[in-house]
Amino acid sequence: MSLSADFILMMITYIAATAVFTYLAVKYIKTESPHPPERESGRRSSSISRITFLGKTTWVVLKNPLTLIIMTTVILTSLISGYAASSHTSYVAFNVESGHEFTQAVFIEFSHAIPKDVAKKSIYSLTKGLNESEVRLTWYARHVLNSPIKLRCNGNTYVIYVLLGLSTDELKRLLNTSVQEGAHELLYAGISPTNEVNATVIAAGGKAFNVIVKGIPGNALARAEIIPGVPLLPVQSYIGTKPVTPPPKYVLVGDIDAVNSLISVPRDTITDVLVVSGTGLFNLHTLTQLVRNADFSRVWFLDGRKLYVISTVQIPTTRSMVVALLSSATATVLCLAVASALLPSLKNLYLRLSIQGMPPWGASIINTAYTMLVALVPGVTVVLYSYHYLGGVSAFNSLISAVITWALMFTYLSLKSKPPKLRTDVYSPPSQRYVIFLRRKEITEIVQEISRSLQGNEFFELLEFETKAQGNEAVIHARLAYIESWGVGADMSILVTSADEGTYVNISCMIWGIEEVSEAIMNNVLALLLSRVVGRLKSWELSQY
Amino acid sequence: MGVIAVLTLALKQMLRGHGLKVCLVAALMLAILIKVAGDKVPDPVLIGVMLPASTSSLIIDFRAHYSMLRVLYMVGATPRQVKTYMLAPSTILSAICGAPYVTIGAVWVVLALILSLTSSLTVMILALRITKKGFLTSVAMYTQ
């Protein structure tokens, strides 16, 4: 099966996208994994619950009817972009030496070996107006072998990578030699040009053929050109504009059918054709259309002293790119209008969730998931549709539209959905100290209550807990690890003093981190810890009265 | 308060909001798209873009329209006046969104206008329903 350029492009896009997502997933798991205390404490993994929480929140946002408008917009604009895509065929022109025998000639390389009849049909059907009387077709079978065959003659073994099958006339024209048809006569540049020896060809499957091998000058084979600028030996690559061909010692030349029989290819199978017209029938535009056919790999067009190398690679036109950008702009304007209507409820949701302990990056993840689901997923669906029904260039155009729309929408939502407090209000960090007055006087019970508040906490793992009570005072020291983020914890010192009318509880906290931790997370941890102890004590006291 | 006053209110509301601007930009881009790629893109796909265009132009000012409908109820506007307020932005925005389709053909323009008006009116009816629900709830709470 041959691979088209479009298929390769899509495959690269797919692999790149998969690699990026895999990398992000691995990165996320690595960040989240080191929480051994959770397993010991028998609680559910916070990563799973967090993913569930983020997924549920995204679903809540996704259920909004406005989502449907965004999805419709993305689908329609991507479709417009795909339908309006246009491409042109790239070609390169060279000047060649004058004095050759053709006025106009077209050399077509097929993408794979095909029967002569099929090739003839596709050429005549595509170049409308041509018929057999106006053009002369010359066939070639140039096989580049994946598994080499062996040639044994004069006690030596030669490795053959290329088989060249030519008609008798072409052998005469290009190499000034001939072979006897149907006699398994072959030409080889690795032996003396005057030699004619019996030899054995061992095919890739181990099958042996007895042949007669005649010598041929290696230089003549290397220099032979089908038309000026197109070497007889198959071009493997280019260095600049100079074609690179296999060395003649790896090439075996013969009659088309003789060559085909060596590699078990049916008779009349060819790989290239030379179409010669004496009346100037061809034009470049028709030929650029010709290469859009999947059967053709490359076309050389000789027109007087000009040689055009027409490639099968399709390049999007400027107009096509303009349409893609316009579609993206239209989609972006409409999606942002809808997103701005969505923003108040989104902000409200994030504010409520952040009060309940959602870290700041939670909103970013929800935004990413949401925009991907409403913009990228429909966009990619349209890309697949375009690729399947309209072609690679259309798919590329649709992809551009979808990605630009998604990127701009994501940027807009990320910037605007942040709670305004974080950007505009005066920053007020939570206090590190807190004093609470309780009407109850039992110091031991208060210490026990503080201990209970720190144990069984969903945010913190209690690492150390020390207490010393003496007279009317008790001192507590606790060290806690923050479960939600690795390497972050808190040291807490509490002084409980009994007075005449009740008990004073002085709480002071210090947040620490092994790695550099942002101030926002530090303050979040501090607020969570203080509120945990203070809330517990207040509710405990209320329940007593 | 007559119909003219309601129309003036609706126009002022539109000029103050973002919907008209969004609609104008979208219509301009659609016109360029139709000019550049109209011959290649199937007409239903081009017409389809008008639906989100007109809908999003109204949705961006949804709260403003909702508030205005609420005010109209509070000042005791007649159903005719409420209908006038609902129809005015829908018709203007639909007409602007449908304008680029003139180049495609008369049938498509009519179809585009009908679709656009239907989608815009759906949004306005939604706003009205929310207004009615909220208004009645607040009245019930007040009377209790």
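Tutor: In this predicted model, strand β19 (residues 488–498) of chain A is joined to strand β20 (residues 503–513) of chain A by 11 bridges, and the two strands run antiparallel. They form a hairpin, with 4 residues lying between β19(A) and β20(A). One position in this pairing can be located directly: Val496(A) stands opposite Val505(A) of β20(A).

Returning to β19(A), one finds another antiparallel pairing, with strand β18 (residues 473–482) of chain A, over 9 bridges. Here Ala478(A) stands opposite Met492(A) of β19(A). β18(A) and β19(A) likewise form a hairpin, with 5 residues between the strands. In its turn, Gly487(A) has a positive phi of about 80 degrees.

These pairings may now be placed in the whole sheet. It is an open sheet of 5 strands in chain A, with the order β16-β20-β19-β18-β17 and antiparallel pairing. Its edges are formed by β16 (433–438) and β17 (460–470) of chain A, each of which pairs on one side only. On average, and with direction ignored, neighbouring strands of the sheet are turned by 15 degrees against each other.

Two helices accompany the sheet. Helix α14 (residues 443–454) of chain A lies across β16, β17, β18, β19 and β20 of chain A, and α14(A) runs at about 170 degrees to β17(A). Helix α15 (residues 519–544) of chain A packs on the sheet as well, touching β16, β17, β18, β19 and β20 of chain A. The direction of α15(A) makes about 155 degrees with that of β20(A).

For comparison, chain A contains a further hairpin, formed by β6(A) and β7(A), with 5 residues between the strands. Within that hairpin, Gly206(A) takes a positive phi near 100 degrees. The strands concerned, β6(A) and β7 (residues 208–215) of chain A, run antiparallel and are joined by 7 bridges. The bridge partner of Val201(A) in β7(A) is Phe209(A). Strand β6 (residues 196–202) of chain A is also joined by 3 bridges to β3 (residues 135–153) of chain A, again in the antiparallel sense; Arg152(A) stands opposite Thr200(A) of β6(A).

Conventions:
Residues numbered from 1 in each chain as written. Chains lettered and ligands numbered in written order. Predicted model: local features only at pLDDT ≥ 70, side-chain atom pairs only at ≥ 80, totals over all residues. Pairing = 2+ DSSP bridges. Axes fitted to C-alpha atoms, helices over the stretch in contact; angles between N-to-C directions. Contact = placed C-beta atoms within 7 Å.
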